[in-house]
Amino acid sequence: MYRLIAASCVLAMGLSLPMLAADEKNDNDNPAAKKLNRDIPRHQEFLKRIEQSNGAGEVIFLGDSITHGWEGQKAWQEHFGSFKPVNLGIGGDQTGHVLWRITDGHELDNLKPKAAVIMIGTNNTGGYTAKQIAGGIKAIVEELKMQKPDIKILVLGIFPRGNSGDAMRSLEQITEGIKPINEELKREQPDLRRLNDLLKSLEQRKPTISAAKLNKKIGEINAIISNLDDGKTVFYKDIGKEFLDENGGLSGEIMPDYLHLSARGYDIWGKAIKGDIEKLVK
């Protein structure tokens, strides 16, 4: 009897060990966690800027064009100015680019930030699985923790996005736009110039992508990376709903191309995480 049990245990262990090894191998082979060279002028600009400032900055922002887009935004100084923030966002970056920049690219060498804000992964969604992308984000977090043991990390869920071809004006938008047109038409002598202006205004109203048409992989990735939150040094926050309307749709007023933020979108972002950063830098 005992021999049978022992044999069963050995067999079970024998079967499980290759599976564990396979999982580990898959993690090591994750293309989203492989370094991708990003030695471009903007990266070199970062290095010079950091050197000239003697590494000033309590908070670093790591990301792609969405983070890059903070530059020139009024909300940047309004919400984060007191932290002497360092923008390390580069348009087009994938997880592998960020990983290269903070390792071989030495962007963190002369910085001593108290906190880091990470928002990366949307540029990986076209060719990687949700698990791979989440693994790439995890690799960045682990590298940050290794290089800067005292740093606090705020991992943001990837923002909602969609295809512009799926955007449509809602019934509410159309109704609201038609209302002044109808009022003008009721007059005995409608003002044609005003009618034309009202029509142009209606055409310029940004349409909305419904919740059902938004990129589903984003939610899958965010569900995985939420587990990076350890409540001690790594914290996860998903502010995606802040950009959506009451029906869960994404308006062009917030993201003109349904990926990058408008000034209003950056203000929403800033308000949503300012309090978190204040806690992390204490």
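This is a predicted model: local features need pLDDT of at least 70, side-chain atom pairs count only at pLDDT 80 or more; totals for chains, interfaces and linings use all residues.
The secondary structure of the chain consists of ten helices and seven strands. Of the 282 residues in the chain, 43% are buried. The chain exposes about 15700 Å², with 53% of that area supplied by carbon and sulfur atoms. Among contacts between residues at least 6 apart in sequence, 82% join residues at least 24 apart.

Helix 6 covers residues 130–147, which is 18 residues. From its first C-alpha to its last, helix 6 reaches 26 Å, close to the 26 Å expected at 1.5 Å a residue. Its buried residues are Ala130, Ile133, Ala134, Gly136, Ile137, Ile140, Val141, Glu143 and Leu144. An α-helix has 3.6 residues a turn, so residues three or four places apart point the same way.

The cover over the buried residues of helix 6 includes both strands and helices, as listed here.

| Element | Residues |
|---|---|
| Strand 1 | 59–63 |
| Helix 5 | 95–101 |
| Strand 3 | 115–119 |
| Strand 4 | 152–156 |
| Helix 9 | 216–225 |
| Strand 6 | 234–237 |

Ser65 belongs to helix 3, which runs over residues 65–68. Is Ser65 buried or exposed? Ser65 counts as buried because its relative accessibility is 19%, and buried means under 20%. Apart from neighbours within four places in sequence, Ser65 is in contact with Ile90, Gly91, Gly92, His260 and Tyr266.

Terms used:
Residues are numbered from 1 along each chain as its sequence is written. Side-chain values use heavy atoms; hydrogens and water are left out. Helices (H or I, at least four residues) and strands (E, at least two) are DSSP runs, numbered from the N terminus. The expected span of a helix is 1.5 Å times one less than its number of residues. Buried means under 20% relative accessible area, exposed over 50%, partly exposed in between (1.4 Å probe, protein chains only). Contact means heavy atoms within 4.5 Å. Accessible areas come from the Shrake-Rupley method with a 1.4 Å probe; for residues, only the protein chains shown count as cover.
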